[in-house]
Amino acid sequence: MRSRALHPGAWWAWALALAVAASRTTNPLLLGLIIAIAGFVVANRRSDAPWALAFRLYVYVGALIVASRVLFRILIGGEDGGHVLFTLPRIPLIAGLSLFGPASAEELLGGFYDGLRLATMVVCVGAANALANPKRLLKAVPGALYEVGTAVTVALTVAPQLVESVQRVRRARRLRAGRTRGLRAVKGIVVPVLEDAMDRSLRLAAAMDSRGYGRRADLSFRLRVLIASCVLFGLVGVCVGVYGVLDGTSPSWLGVPLLAGGLVVAVAGFVLGGRRVRRTAYRPDPWRWPETLVVAAGAGACALLFVTARVDPGRLFPSLSPLRWPEVSPVHALSLLVAVLPAFVAPPPPSLEVVR
């Protein structure tokens, strides 16, 4: 298979589908499987670009989320009942609230399950950020959303740039025989890292401005209002429709119908809004069969998990009362394993082929 950079939209669609699948379960074994799939794909298909180094940072953020959720349950839990593991001195507050107290296994496991689900979604976003080129993603954003696309692209590149800046500053301090660990080293690293990130942001803004990015064509006031209304109401419909699809207790009209209607209105706004931005595309990113397979792998894993949830829904949410060990259904595990296909069907990045 010839090496080439995959379309960034394919990686983001695959990762978001995995994140949606993670939101449908609190089973730590299934969530761990999703994290393992994301890590395996990243290890096999990431390049040596700066943004590819940010995946480890997202893993650290996920671990911090899990730890904070468990500590939060210890801090404000304190409810009697269940299997009490330890008891801390209770600190009464106003309005009947209190801090600490008895900490039960049910409370700690509940916090761990919720935190792990959120951490898994963060890791999925980190996988997309490590695999997709943010600059090429900005090129693929519709013309109607170039302001939002610029802000989102700059925000997505913050973590990779910080990781690269930290590594560069630590390497320079090591060459000068300076400290690279400990609290004293942090003071000498933070300021150069922030200064470097600010300089790179200013250079990016100057480069975009010099190339005329965001030039607008003259449009009438009515057409601008129509474009803004279509985009706004379309995106609101999409958000509400996604909530209706994810929430099984919502009315039927709040799910797929509203999601489809919002997509139609939003696409109409994008098409009309694209007329006001005059820009050219140099070497547009192709969409070929590997991109389709990558998107189909993520969407297929998410869809199969939704379908198989009706077969054995109890194992998706481990019982806390009564307390039981989490169990994995083979049907659910096989559904998620479909998402590992991009590690084999996606073309390797150019840098990996050079190394081999």
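How many aromatic pairs does the structure hold? This predicted model holds three aromatic pairs.

**View 1. Tryptophan 11 and tryptophan 14 form an edge-to-face pair.** A pair of aromatic rings is described by two things: the distance of the centres and the angle of the planes. For tryptophan 11 and tryptophan 14, the ring centres are 5.9 Å apart. The planes stand at 80°, so the pair counts as edge-to-face; the cut-off for that label is over 60 degrees. Both residues belong to helix H1 (residues 8–22). They sit three residues apart, about one turn of the helix. An α-helix has 3.6 residues a turn, so residues three or four places apart point the same way. Tryptophan 11 and tryptophan 14 are both buried.

**View 2. Phenylalanine 40 and phenylalanine 344 form a tilted pair.** Their ring centres are 6.0 Å apart. Their planes meet at 45°, so this pair is tilted. Phenylalanine 40 comes from helix H2 (residues 28–45), and phenylalanine 344 from helix H13 (residues 342–345). The pair therefore ties together parts that lie 304 residues apart in sequence. Phenylalanine 40 is partly exposed, at 35% relative accessible area. Phenylalanine 344 is exposed, at 54%.

**View 3. Helix H4 covers residues 105–131.**

Terms used:
Residues are numbered from 1 along each chain as its sequence is written. This is a predicted model: local features need pLDDT of at least 70, side-chain atom pairs count only at pLDDT 80 or more; totals for chains, interfaces and linings use all residues. Side-chain values use heavy atoms; hydrogens and water are left out. Rings of Phe, Tyr and Trp (its six-membered ring) pair if their centres lie within 6.5 Å; planes under 30 degrees apart count as stacked, over 60 as edge-to-face and the rest as tilted. Helices (H or I, at least four residues) and strands (E, at least two) are DSSP runs, numbered from the N terminus. Buried means under 20% relative accessible area, exposed over 50%, partly exposed in between (1.4 Å probe, protein chains only). The expected span of a helix is 1.5 Å times one less than its number of residues.
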